[in-house]
Amino acid sequence: MTLILNNARLVCPATGRDSPGSILIEKGLIASLDGTGAPEGATVVDCGGAILAPGLIDLRASLGEPGHEHRETIESAAEAAAAGGITTLCALPDSEPALDDPATLQFMLRRGEMTGSLSILPYGAATRGCAGKEMTEFGLLREAGAIAFTDGTRAIAEARMMRLALSYARAFGSFIVQHPEEPSLTRNAAATEGEMATRMGLPSAPAAAEAMMVARDIALARLTRGHVHFAHVSTGAALELIRAAKAEGLRVTCDTAPPYFDLNETAIGDFRTYAKLSPPLRREADRQAVVAALADGTIDAIASDHQPRDADDKRVPFAQAEPGGAGLATLLGVTLAQFHSGKLSLMRALELLTAAPAKLLGLEAGRLAPGAPADLVLFSPDRGWKVEAGKLPGKAQNSPFDGRALEGRVLGTWKAGRRVFG
Amino acid sequence: MPLYPHRHLLALQGLEPPYIAELLDLAESYALLNRGGKTQRDVLRGLTLINLFFEDSTRTRTSFELAGKRLGADVINMSVSTSSVNKGETLLDTASTLNAMKTDLLVVRHAQSGAPALLAQKVDAGVVNAGDGTHEHPTQALLDALTIRRRKGTLENLTIAICGDVLHSRVARSNIHLLLAMNCRVRVVGPPTLIPSEVEELGVEVFHDMKAGLKDADVVMMLRLQKERMAGGLVPSAREFFRFYGLDAAKLRHAKPDAIVMHPGPMNRGVEIDSAIADDPTRSVIGEQVEMGVAVRMAVLDVLAQNQRRNS
């Protein structure tokens, strides 16, 4: 089937293109960017001058499946992803069971294919059961399709374990994703230590717990010449360390998630459990440091860090609530808020969601070029909407952005040339 | 006279001084009536008050029970053993049960910060926070303030030292908010491991040396140190804590000669306070605190019941 998306503003960070154009799609691939070569009878879609960009690549999301289908199924996650313009999603392995052997990993890949709208690229567990004790079969998992290795929402706590993982992953050209928090400091903590937690009487952990783990793992990256990637970096102190490590030439990369550049710790006021995240929201100075690091390249990518939770997880006293926020449908809109406020160019904002994660993972997707997969998002950068928990696409409704007005609405999403949203 | 405008009493943080004064004045009048033996009133007649305690507390529960009965309410005590509570969902199940039973006033004690606020979102009753986790214990701070005001004649410009395990103390937090709102100077005194992070941002002065912290204080407020804190390594031993932060005659000498000594109870004698001080009738006002507790809770229940009736 042949499809032409006409009258669009094509924006592609990978090639630097930002110009009017139309895309010809054949057999699920981009055939041309100038609309030429279209056969008679091709389906034509008028994009009305809206932005057509590569489909978003979400570097980090937990899915309810397998193990927590009451929170979210892969089908419902795919629905939310399509509505958010996400066409590729990297799934964390700390599900139940953990993705620590080739069979469960392949199951995840197949479940993604079955949706028809979303490529699910699973991480392999770095340790068996993501328990931090015993390394998994990196080579076999890599062959089965693991994009990299991590224990997901759990920090790889022991320095020895992290050293081994960073070393061994080099043999397979892969890297380790760390949840950077020193666990002996963050155990049982529900908030960032400071005035806010003191007023609310919440168990809290110092923000420095993040920089401590980052400092340790940078030292291990130097020692092993391995590649460490820090997830959802949220503090200025950690970003300073990462900036210095990059300048030194170490193989250190990182991402952050929208809550850490859009919200600060005041969002947990009145014991709002939807804003209880891991790591917890930080103070305003840290939020500003994250914004600066997005602009200057210290942060490589933006990931949704989607964590589906249900009412039983969240409608409890704050310290007992499960951390995590739904983030698929809001990923683009919250990122574009940084464009609207003048902190990021449109090109940089989109790069963080497309070309940058594609480069990190070595993917074909994430660019507008002949021969690339026709994974596309069409959006109006100015159209407003309001985030309302309870009315979001998909099953998980636990958005930390509940009530937030956003500018930037997805109008259509295509996966391999097939329209999956809008 | 201002009228307390809220449906619940969940926290003192942010409560405007006129409403604090209103509650204290009303409590003082109840204290006088109680002393005069005229204890029975009927302002809560026909209303149902439920004491919902997820955490054991004989004295606070008894105080609320007595306050409710003296005002003519039908008082029911519900103790929910924490071991049987499957975390929070039971909390909201409980809320719907209470709504079905047409509860008018609900007094809640819970080990989790914010639990009464969560319940308050779901119940029709007016909710009194009777202590939530390490967050707040508003009626305790009100009874402390009333006791101080009766002894000192005013709250204005007094220097008050809150001493001991401030980190885990909801009593300390509520007292800090109230006393600062009423223009007191508030100090917190304790080892750094028991002082909450950035507590000075609330407007208090922090002392780690008890003698310096007590210097020229008008009021010395001691807090309970729970045994678990020593197991958790926050302080190495009871004897070390008593040596440096326990209130004895030598340390009390640094406070003003007429300084009063308070404790929210129950006391750990020989840990945070020397028995000789706790039992000294010229310094200790611990007994009066308990007495004022009933009067303060009568005032709070009275005011919330008026708002409840107005809204229904």
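Predicted model: local features only at pLDDT ≥ 70, side-chain atom pairs only at ≥ 80, totals over all residues.
The interface of chain A and chain B is considered first. The size of an interface is often given as the accessible area lost when the parts come together. Chain A and chain B bury about 1,800 Å² between them, and 53% of this area lies on carbon and sulfur atoms. On the side of chain A, the residues that lose the most area to chain B are A:Thr198, A:Arg199 and A:Arg315, which together account for 36% of what that side buries. The contact involves 17 residues from chain A and 23 residues from chain B. Between the two chains, 8 residue pairs are in polar contact. Helix H6 of chain A (residues 195–200) gives the most to the side of chain A that touches chain B, contributing 4 residues. Across this interface 1 salt bridge is found; in it, the side chains of B:Glu198 and A:Arg283 meet with an N to O distance of 2.9 Å.

Salt bridges were then examined throughout the model. Side chains of opposite charge can pair when their charged atoms come close. Over all chains, the count of salt bridges comes to 34. In chain A, A:Glu351 is bridged to A:Arg348, with the closest N and O atoms 3.1 Å apart. Both residues belong to helix H13 (residues 346–351) of chain A, where a spacing of 3 residues corresponds to about one turn of the helix. A:Glu351 is partly exposed, at 29% relative accessible area, whereas A:Arg348 is buried, at 15%.

In chain B, a salt bridge joins the side chains of B:Arg149 and B:Asp25 at 2.9 Å, N to O. This pair links distant parts of the chain, 124 residues apart: B:Arg149 lies in helix H5 (residues 138–152) and B:Asp25 in helix H1 (residues 17–35). The relative accessibility of B:Arg149 is 18%, so this residue counts as buried, the limit being under 20%. B:Asp25, at 42%, counts as partly exposed. Both residues belong to a network of salt bridges that also links B:Glu28, B:Arg150, B:Arg151 and B:Glu288.

Aromatic rings form 4 pairs over all chains. In the pair of A:Tyr168 and A:Phe172, the ring centres are 5.3 Å apart and the planes stand at 75°, so the arrangement is edge-to-face.

In chain B, B:Phe241 and B:Tyr245 form a tilted pair, with 5.8 Å from centre to centre and 35° between the planes. The two residues are 4 residues apart in helix H9 (residues 238–245) of chain B, and are therefore separated by about one helical turn. B:Phe241 is buried, at 3% relative accessible area, and B:Tyr245 is buried as well, at 12%. Charged side chains also lie over rings in chain B. B:Arg243 is placed over the face of B:Phe244, 5.0 Å from the ring centre, and the charged end of B:Lys251 sits over the ring of B:Phe242, 5.9 Å from its centre.

Finally, B:Thr103 is located in the loop between helix H3 (89–100) and strand E3 (105–110) of chain B. B:Thr103 counts as buried, at 7% relative accessibility. Its side chain reaches the backbone oxygen of B:Leu98 at 3.0 Å. Apart from neighbours within four places in sequence, B:Thr103 is in contact with B:Thr48, B:Ile50, B:Leu98 and B:Ala125.

Terms used: Residues numbered from 1 in each chain as written. Chains lettered and ligands numbered in written order. Heavy atoms only, no water. Phe/Tyr/Trp six-rings, centres within 6.5 Å; stacked < 30°, edge-to-face > 60°. Buried < 20%, exposed > 50% of the residue type's maximum accessible area, 1.4 Å probe, protein only. Lys NZ or Arg CZ within 6 Å of the ring centre and 35° of its normal. Contact = heavy atoms within 4.5 Å. Buried area = accessible area lost by both parts, 1.4 Å probe. Salt bridge = Lys/Arg side-chain N within 4 Å of Asp/Glu carboxyl O. Polar contact = N/O pair within 3.5 Å; in protein donor to acceptor, adjacent residues only side chain to side chain.
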